[in-house]
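Please open the model in your viewer and keep the selection tool at hand. The stops below follow side-chain pairs, rings and cores in turn.

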Amino acid sequence: MTVLPPPSLKKLGLVIDLDTCVGCHACVIACKGWNTENYGAPLSDLDPYGAEPEGTFLNRVHSYEVTPESGTPLTVHFPKSCLHCEDAPCVPVCPTGASYKRAEDGIVLVNEDACIGCGLCAWACPYGARELDALAGVMKKCTLCVDRIYNEALPERDREPACVRTCPAGARHFGDLGDAESAVSRLVAERGGIDLMPDLGARPVNKYLPPRPRDRLQEAPPDLAALCEPGTEGLSGFLGWIDRTLSRL
């Protein structure tokens with residue numbers, strides 16, 4: 001069994017803005033590409049163009065329609081990957097020590113050479129963030145692109161997770177959540193960032209920024225049927241232009 005290290009001062013993680021995520025899946029594609037070509041065993045795909053495609057992904061985006069208690073319904077795109085929990089339940093259950101948490105920055109990783117594919121860590125993870133690669137026979141999960149963020153051969157702007165570097169909406173942020181003055185910590189404080197299912201006690205490092213309230217019209221829009229009723233001078237505006245154009249046909 002693996003023992004969790006003492007809590008680290010440095011807590012690298014993601015802050016995901018549910019208000020600006022548009023569900024484009026660019027982060028999913030970037031994650032798949034980088035982790036297939038670099039760290040660990042490639043992420044497999046089975047029958048990708050067939051009737052029942054199956055593959056391994058370290059990051060997925062789920063979409064939900066949410067109806068608030070007050071306000072109009074809205075669609076929320078919810079990216080999900082490993083949350084690099086401080087009390088990661090996936091680590092102590094690993095019988096070979098393959099699943100571990102780094103003491104220096106809090107990143108949770110899998111030593112694929114020691115992984116036997118038993119799946120105990122996937123059962124223990126309350127967020128469903130681990131996937132067993134069917135071809136490699138080992139457990140896969142988000143690594144926070146540990147092979148990018150410390151790679152001095154890359155330009156400094158590229159030393160962040162592939163999903164963050166790629167997001168066109170700027171909905172994903174990366175940094176040290178153990179530093180109260182870091183940009184990500186300030187963002188969490190300003191926007192009221194939340195933990196995912198805090199009652200489980202895993203204390204995830206990754207945070208989510210909730211959607212902002214949507215703007216609402218102060219007055220009801222005019223009735224379209226009323227706009228189509230001709231007055232003494234006929235229809236006006238755009239509807240009047242349509243009426244005059246069609247009358248020439």
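Begin by selecting Arg-212 and Asp-19, whose side chains meet in a salt bridge with N and O 2.6 Å apart (a salt bridge being a side-chain nitrogen of Lys or Arg within 4 Å of a carboxyl oxygen of Asp or Glu). This pair links distant parts of the chain, since Arg-212 belongs to the loop between strand E11 (207–209) and helix H6 (224–227) and Asp-19 to the loop between E1 and helix H1 (26–37), 193 residues apart. Helices (H or I, at least four residues) and strands (E, at least two) are DSSP runs, numbered from the N terminus. Arg-212 is partly exposed, with a relative accessible area of 40%, whereas Asp-19, at 19%, counts as buried; buried means under 20% relative accessible area, exposed over 50%, and partly exposed in between (1.4 Å probe, protein chains only).

Before going further, note that this is a predicted model, in which local features need pLDDT of at least 70 and side-chain atom pairs count only at pLDDT 80 or more, while totals for chains, interfaces and linings use all residues. Residues are numbered from 1 along each chain as its sequence is written, and side-chain values use heavy atoms, with hydrogens and water left out.

Next select Asp-17 and Arg-191, which form a salt bridge at 2.9 Å, N to O. Here too the pair links distant parts of the chain, with Asp-17 in strand E1 and Arg-191 in helix H5 (residues 183–191), 174 residues apart. Asp-17 is buried at a relative accessible area of 6%, and Arg-191 is buried at 17%.

Then move to Glu-86 and Lys-11, where the closest N and O atoms of the salt bridge are 3.4 Å apart. Glu-86 lies in the loop between strand E5 (74–80) and strand E6 (99–101) and Lys-11 in the segment before strand E1 (12–17), so this pair ties together parts that are 75 residues apart in sequence. Lys-11 counts as buried, at 18% relative accessibility.

**Rings**

Where is the one aromatic pair that the structure holds? Select Phe-78 and Tyr-208: their ring centres lie 4.6 Å apart and their planes are at 15°, so the pair is stacked (rings of Phe, Tyr and Trp, its six-membered ring, pair if their centres lie within 6.5 Å, and planes under 30 degrees apart count as stacked, over 60 as edge-to-face and the rest as tilted). Phe-78 in strand E5 and Tyr-208 in strand E11 are 130 residues apart, and the pair thus links distant parts of the chain. Both Phe-78 and Tyr-208 are buried.

Two further rings have a charge over them (NZ of Lys or CZ of Arg within 6 Å of the ring centre and within 35 degrees of the ring normal). Lys-32 lies over the face of Phe-57, at 4.1 Å from the ring centre, and the charged end of Arg-148 sits over the ring of Trp-34, 4.6 Å from its centre.

**Cores**

Return to Tyr-208, which, leaving aside its neighbours within four places in sequence, is in contact (heavy atoms within 4.5 Å) with residues including Ile-16, Leu-18, Phe-78, Pro-79 and Ile-194. Together with Ile-107 and Tyr-127, Tyr-208 touches the most other members among the 38 residues of the largest nonpolar core, a nonpolar core being a set of buried Ala, Val, Leu, Ile, Met, Phe, Trp, Tyr and Cys residues joined through side-chain atoms within 4.5 Å. Elements that each supply at least two residues of this core include E1, H1, E5 and strand E7 (108–110). Apart from this core lies another, of seven residues, among them Leu-177, Val-188, Val-205 and Leu-209.

**Buried polar side chains**

Select Ser-182, in the loop between strand E10 (172–176) and H5, which counts as buried at 12% relative accessibility. A polar atom of the Ser-182 side chain lies 2.7 Å from the backbone oxygen of Asp-176. Finish at Asn-35 in helix H1, buried with a relative accessible area of 3%, where a polar side-chain atom lies 3.0 Å from the backbone oxygen of Cys-31.

How values were computed
Polar contact = N/O pair within 3.5 Å; in protein donor to acceptor, adjacent residues only side chain to side chain.
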